[in-house]
Amino acid sequence: MSFEFKLPDIGEGLHEGTLVEWLVAEGESVKLDQPFARVETDKAVVELPAPRAAKVSRLHARAGEAIQVGQVLVTFEDGSPSAAGADAARLRSGGNGSSGAADTSPPTARASSEAGRLRATPHTRALARRLGVDLTRVAPTGRGGKITDADVHRAAGQIAPASVGQPVATSPSAAPAPSASSSPLPPRTPSLRTGSTPTLESSEDGPVERVAVSHLRRVIAEAMSLSTRTAAHVTHVDEADVTDLLATYARAKRHLEADGAHKLSLLPYFLKAVVTALKDHPYLNASYDEARGELLLKRHYHLGIAVDTPEGLVVPVIRDVDRKDLVTLADEVTDLGARGRARRLQVHELRGGTFTVSSLGKLGGAFATPIIHQPEVAILGVHAIKDRPAVVDGAVVPRKLLYLSLSYDHRVVDGAVAARFMAQLLELVEHPDLLMLRL
């Protein structure tokens, strides 16, 4: 018997998603809970599991296509008696299985079946179609003789480069040759919409690359615009001397990582310091119910950590930071960071934050003014640690210094409250012995 799988509401309030890729092909069999597709929602890329063991009869969308909740994604055949009966009926009427329902299958399905001898994912097949590459002439380099996207791009590079105004591939080999007025396209454009291809256009001032942004980038853009429209942003900047904290961290890191089971960074120390200060300054761990004119002071401490990914910024949430030790936090930071960069986070791991910490230290810069992650009312930017001169006991000495920038919603938080919060935070990170007393 055949049955249809429709896109469910896999996120709170989700209306649509973007199909990233198929993990199966038509004609393949899947087991119960076997992932068969990856879909990008507003907050993450999630894998859809098969609801039961079945055979994939038809795929109803292409990689990169927007799909609505409730839209049919896949038709499965589960081999139940009714399906067997239909097969028997077809055999009785024609005997060769090529009549009846089989004859009415759409041309695309038949074409996919005919090309089934080639080992390539639907995404790779779609890429080949867009680039005009004949897969039967492509040398596979993937595992088990599978043709990869890279194989297709290499094959496309043997085709004459597209001229300005025509679609071009993202592979450097397929980009226009460098000249005084143009430069090669990068191998991959960040936030490029899945399945789309950049185009190069002419303008009065020179060539322009037009890129369809990813679903995640659109969501980020809308969220940032909403935040700046609704909150009264103010940023408070302070400089912290973390020389002693670095010494404490270095000792702990050597001890903790000796067996290779953990990876420690400075971020867990800042998370603990932030939570300690939030407990004493609850207006910064809050949200504002504008419609009712009320504040919601959160008595739980779920901190978001900003993670830079090739597709854009994501903010997974570490729950109950106040109840976890440094080792536990270190493990969660490592795990969420890795899965965030791989877009493997689950939707529930991106919800419920009460305050966000954005660490930009590895990327350089002096300081920035982070935008508040709604509906929170404050966000902390932790910036690069640098050797700078400082006055200690009347003498100028080199110290390890960094800037901390706190953006807050001035509708909820007064400048004096923010200043006191930052003063306590500096005291905790500059004097790790005091921080340890509050852990």
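**Salt bridges and sheets in a predicted model**

Asp 280 and Arg 438 form a salt bridge, with their closest N and O atoms 3.5 Å apart. A salt bridge here is a side-chain nitrogen of Lys or Arg within 4 Å of a carboxyl oxygen of Asp or Glu. Because Asp 280 lies in helix 7 (residues 267-280) and Arg 438 in helix 10 (residues 432-438), the pair ties together parts that are 158 residues apart in sequence. Asp 280 counts as partly exposed at 40% relative accessibility, and Arg 438 is likewise partly exposed, with a relative accessible area of 42%. In these terms, buried means under 20% relative accessible area, exposed means over 50%, and partly exposed lies in between (1.4 Å probe, protein chains only).

This is a predicted model, in which local features need pLDDT of at least 70 and side-chain atom pairs count only at pLDDT 80 or more, while totals for chains, interfaces and linings use all residues. Residues are numbered from 1 along each chain as its sequence is written, and side-chain values use heavy atoms, with hydrogens and water left out.

The protein chain as a whole has 10 helices and 21 strands. These elements are DSSP runs numbered from the N terminus, with helices (H or I) of at least four residues and strands (E) of at least two. Of the 439 residues in the protein chain, 41% are buried. The protein chain exposes about 22500 Å², and carbon and sulfur atoms supply 53% of that area; the area comes from the Shrake-Rupley method with a 1.4 Å probe, and for residues only the protein chains shown count as cover. Among contacts with a separation of 6 or more, 59% are between residues 24 or more positions apart, a contact being heavy atoms within 4.5 Å.

Side chains of opposite charge can pair when their charged atoms come close. The whole structure contains 15 salt bridges. One of them joins Arg 52 to Asp 78, with the closest N and O atoms 3.0 Å apart. Arg 52 lies in the loop between strand 5 (45-49) and strand 6 (54-59), and Asp 78 in the loop between strand 8 (72-77) and helix 1 (81-93), so this pair ties together parts that are 26 residues apart in sequence. Both ends are partly exposed: Arg 52 has 35% relative accessibility, and Asp 78 has a relative accessible area of 24%.

A further salt bridge connects Arg 388 with Glu 239, where the closest N and O atoms are 3.1 Å apart. This pair links distant parts of the chain, since Arg 388 is in strand 20 (residues 386-392) and Glu 239 in strand 11 (residues 233-241), 149 residues apart. Glu 239 is partly exposed, at 35% relative accessibility.

Strand 3 is joined to strand 6 by 2 bridges, and the two run antiparallel. Ser 29 has Lys 55 in strand 6 as its bridge partner.

Another open sheet of 4 strands has the order 5-4-2-7, again with antiparallel pairing. Its edge strands are strand 5 and strand 7 (66-68), each pairing on one side only.

Note on methods. Pairing = 2+ DSSP bridges.
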